[in-house]
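Colleague: I should like a close look at a single part of this model, namely the surroundings of the ligand. Please take the residues and elements there in turn.

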Amino acid sequence: MSIGTDKPVRTAEELMRRRKFAEAVRAFEDLLTGVCGSCSKGRECRAGCTSIAWSATGTVGCNPYCIRSLETESILDQVGCRG
Ligand code: SF4
């Protein structure tokens, strides 16, 4: 049996560790907030650099320094589409 890799699972402990890791990866979407919570790329990007997100917000799910987000806000400002 294998979970998430080509390496076979050899012990019950390893099986549980891999399952917990897979559950944590799947649950990450629930942690996305702020600009990342509403971002269409959140599933793939996962709030970018975890260190930057943590140092800026104290969470791992919101990255206020995302260049994509900042560029989008700038474009919306330029065309006058923000309230
Ligand atoms: S870091 Fe940027 S691209 Fe990634 S989820 Fe957040 S807003 Fe989206």
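Modeller: What follows describes the shell around the ligand, then the loops and helices connected with it.

The model is a predicted one. The protein chain has an average pLDDT of 84, and 90% of the residues score at least 70. Among the elements of the chain, the highest mean pLDDT, 92, belongs to α2, and the lowest, 82, to α1. Where pLDDT is low, the predicted coordinates should not be read in detail.

The residues around the ligand are Val35, Cys36, Cys39, Lys41, Gly42, Cys45, Ala47, Gly48, Asn63, Cys66, Arg68 and Ser69. Two or more residues of this shell come from each of α2 (34–37), α3 (42–45) and α5 (67–79). Sorted by class, the shell holds six nonpolar, four polar and two charged residues.

Asparagine 63, one of the residues around the ligand, lies in the loop between α4 (50–57) and α5. Asparagine 63 has 27 other C-beta atoms within 10 Å and is therefore buried, the cut-off for that class being 20 or more. Once its neighbours within four places in sequence are left aside, asparagine 63 is in contact with Cys36, Ala47, Gly48, Cys49, Ile52 and Ala53. Asparagine 63 and glycine 37 are 26 residues apart in sequence, and their C-alpha atoms are 9.8 Å apart in space.

Alanine 47 counts as buried because it has 27 C-beta neighbours inside 10 Å. The phi angle of alanine 47 is near 70 degrees, a positive value in a residue other than glycine. Arginine 46 is also found in the loop between α3 and α4, and its phi is near 60 degrees, again a positive value in a residue other than glycine.

Valine 25 and arginine 46 are 21 residues apart in sequence but 9.5 Å apart in space, C-alpha to C-alpha. Valine 25 is found in helix α1, and the kink of about 30 degrees in α1 is centred on valine 25. With 11 other C-beta atoms within 10 Å, valine 25 is exposed.

Helix α1 itself covers residues 12–31, 20 residues in number. From its first C-alpha to its last, α1 reaches 28 Å, close to the 28 Å expected at 1.5 Å a residue. The number of buried residues in α1 is zero, so the helix lies largely in the open. Arginine 26 is also in helix α1, and it counts as exposed because it has 9 C-beta neighbours inside 10 Å. Arginine 26 and threonine 11 are 15 residues apart in sequence and 23 Å apart in space, C-alpha to C-alpha.

The remaining element to describe is α5, one of those that give two or more residues to the shell around the ligand. Helix α5 has 13 residues, and its reach of 18 Å from first C-alpha to last is close to the 18 Å expected at 1.5 Å a residue. None of the 13 residues of α5 is buried, so this helix too lies largely in the open. Just after α5, glycine 80 takes a positive phi of about 70 degrees.

Key. Residues are numbered from 1 along each chain as its sequence is written. This is a predicted model: local features need pLDDT of at least 70, side-chain atom pairs count only at pLDDT 80 or more; totals for chains, interfaces and linings use all residues. Helices (H or I, at least four residues) and strands (E, at least two) are DSSP runs, numbered from the N terminus. The expected span of a helix is 1.5 Å times one less than its number of residues. The bend at a residue is the angle between axes fitted to the seven residues ending there and the seven starting there. A residue is buried if 20 or more other C-beta atoms lie within 10 Å of its own, exposed if 12 or fewer, and partly exposed in between; C-beta atoms are placed from the backbone. A residue is near a molecule or strand if its C-beta atom, placed from the backbone, lies within 6 Å of it. Ala, Val, Leu, Ile, Met, Phe, Trp, Tyr, Cys and Pro count as nonpolar, Asp, Glu, Lys and Arg as charged, and the others, Gly among them, as polar. pLDDT is the predictor's confidence in each residue, from 0 to 100. Two residues are in contact if their C-beta atoms, placed from the backbone, lie within 7 Å.
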